[in-house]
Every structure is written in structure tokens, then in C-alpha cells.
Amino acid sequence: SYRSEIQRIKAVMYDKAQQYSQAIQHWTSVNNLYIDDLFKFAEGRDGKIQPQDLQIMFDIINTRYINHKATIFSGEKTVNEITTIDEALGSRIKAMLGDYGMACRGTNMRLIKGA
């Protein structure tokens with residue numbers, strides 16, 4: 001889950017460079033990674049995604065992109081929205097998705113009783 005891991009990684013990001021590398025090493029090297037709720041609650045008071053979140057995700061996604069590692073993303077932002085926020089990150093995600101990107105719209109089924 002993006003939300004649970006991003007906080008742990010941010011805690012060591014600036015204080016201990018070696019611990020930061022170790023904190024993201026697992027996420028850059030596993031063969032298959034599912035990033036659930038990408039950038040969920042990542043906006044600061046200014047409404048923009050916090051720079052630390054962008055940097056961490058760039059470090060992870062760029063390494064996975066370079067090494068051709070399978071990555072699945074879910075989130076409320078489209079690839080185009082992410083690209084508008086950070087072109088380098090969005091373009092890598094778009095390249096990784098290739099023909100497999102999918103947008104789901106409509107009613108959240110968890111909100112419908114009996115679904």
C-alpha cells in the first residue's frame with residue numbers, strides 16, 4: 001500500500017542516505033510490484049503532491065523501468081494527470097503500461113449495499 005510504505009520511506013529519506021537506499025531497495029528489486037492507491041493523500045496544503053513523494057516514487061519507478069520489472073499501479077489519478085505533475089515520472093509509467101493501461105470509471109462498488 002502506497003500510504004503505509006511512503007511514510008516509512010520518508011522517515012529516512014533525508015536523515016540517513018544509506019537507510020533510504022535500503023528502504024527502497026526491496027521495492028526496486030522485487031520481480032512484481034503492485035503499487036496500490038498511488039499518491040493517495042500525497043497532496044500538501046497547497047494541493048500539490050509533496051516533492052518527497054514524487055522523488056521516492058521516481059526513484060522506485062525509474063529503477064524498475066530501467067530494469068524492466070513488472071509493476072501494476074492503481075490510483076485515482078490518470079497517467080495524464082501524473083504526467084502533468086511530473087513529466088519524467090508520468091512518461092515512465094506510461095511506457096511501462098504500454099497497451100495494458102485501463103481506466104475504470106463509474107460508481108464505487110464498495111458503496112453499494114450488497115455489492
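Predicted model: local features only at pLDDT ≥ 70, side-chain atom pairs only at ≥ 80, totals over all residues.
Helix H1 covers residues 2–13 and helix H2 covers residues 17–29. Their axes come within 8 Å and cross at roughly 155°. An angle over 145 degrees counts as roughly antiparallel, so that's how H1 sits relative to H2. As for handedness, H1 passes H2 in a left-handed crossing. Which residues make the contact? From H1 come Glu5, Arg8, Ile9, Val12 and Met13, and from H2 come Gln19, Tyr20, Ala23, Ile24 and Trp27. Sort the residues of this contact by class and you get seven nonpolar, one polar and two charged.

The axes of H2 and H3 come within 9 Å and cross at roughly 45°. That angle makes H2 oblique to H3, and the crossing is right-handed. On the H2 side, the contact uses Tyr20, Ile24, Trp27, Thr28 and Ser29. H3 answers with Gln55, Ile56, Asp59, Ile60, Thr63 and Arg64. By class, the contact of H2 with H3 has five nonpolar, four polar and two charged residues.

Next, the core. The largest nonpolar core has 25 residues, and Leu38, Phe39 and Met57 have the most contacts inside it. Where does this core draw its residues from?

Leaving out residues up to four places away in sequence, Phe39 touches Tyr2, Ile49, Asp53, Leu54, Met57, Ile82 and Leu89. One of these is Met57, another residue with the most contacts inside the core.

Asp53 is also on that list, and this residue belongs to H3. Is Asp53 buried or exposed? Buried means under 20% relative accessible area, and Asp53 counts as buried because its relative accessibility is 0%. So what's around it? Again skipping residues up to four places away in sequence, Asp53 touches Tyr2, Arg3, Ile6, Lys10, Phe39 and Ala42. Tyr2 turns up among the contacts of Asp53 and among those of Phe39.

Methods
Residues numbered from 1 in each chain as written. Heavy atoms only, no water. Axes fitted to C-alpha atoms, helices over the stretch in contact; angles between N-to-C directions. Helix = DSSP H or I, 4+ residues; strand = E, 2+ residues; numbered from the N terminus. Parallel < 35°, antiparallel > 145°, perpendicular 65-115°, else oblique. Left-handed = near helix turned anticlockwise from the far one by under 90°. Contact = heavy atoms within 4.5 Å. Nonpolar A, V, L, I, M, F, W, Y, C, P; charged D, E, K, R; others polar. Core = buried A, V, L, I, M, F, W, Y, C linked by side-chain atoms within 4.5 Å. Buried < 20%, exposed > 50% of the residue type's maximum accessible area, 1.4 Å probe, protein only.
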